[in-house]
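Welcome! Open the model in your viewer, get your selection tool ready, and follow along one stop at a time.

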Amino acid sequence: MLVGSTLQSRYKIIKLLGKGGFGETYLAEDLHIPITPKPKCVVKRLQPQAISPEIVRLFQQEGEFLYKLGQKYD
């Protein structure tokens, strides 16, 4: 993903936060939220060599954890 691109007409990618064995993590703005400035969020791009049910479960679990964390901290 390129910085400045928009994912699913919703998330504007601001910067790459990190890469790992399962994919990439980006800081993004949520363009669907009708306030200015747009709230920041984390976008994860899953890119493992093979997608198993366990990888999908861990990816979903991480997403849920990050969502909860974002509700408590800026």
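Start by selecting strand 2 (residues 11-19) together with strand 3: the two run antiparallel and are joined by 7 bridges. Strands pair here if DSSP finds at least two bridges between them. Strands (E, at least two residues) and helices (H or I, at least four) are DSSP runs, numbered from the N terminus. Between strand 2 and strand 3 lie 3 residues, and the two strands form a hairpin.

A note before moving on: this is a predicted model, where local features need pLDDT of at least 70, side-chain atom pairs count only at pLDDT 80 or more, and totals for chains, interfaces and linings use all residues. Residues are numbered from 1 along each chain as its sequence is written, and side-chain values use heavy atoms, leaving out hydrogens and water.

Now pick Gly18, whose bridge partner in strand 3 is Thr25. From Thr25, step across to Lys44, its bridge partner in strand 4. Strand 4 (residues 40-46) runs antiparallel to strand 3, with 7 bridges joining them.

Is strand 3 (residues 23-30) mostly covered or uncovered? Mostly covered: 7 of its 8 residues are buried, meaning under 20% relative accessible area, while exposed means over 50% and partly exposed is in between (1.4 Å probe, protein chains only).

Next, select Phe65 in helix 1 (residues 53-72). Phe65 is exposed, at 53% relative accessible area.

Finally, color by pLDDT, the predictor's confidence in each residue, from 0 to 100. The protein averages 86, and 96% of the residues score at least 70. Among its elements, strand 2 has the highest mean (93) and helix 1 the lowest (84).
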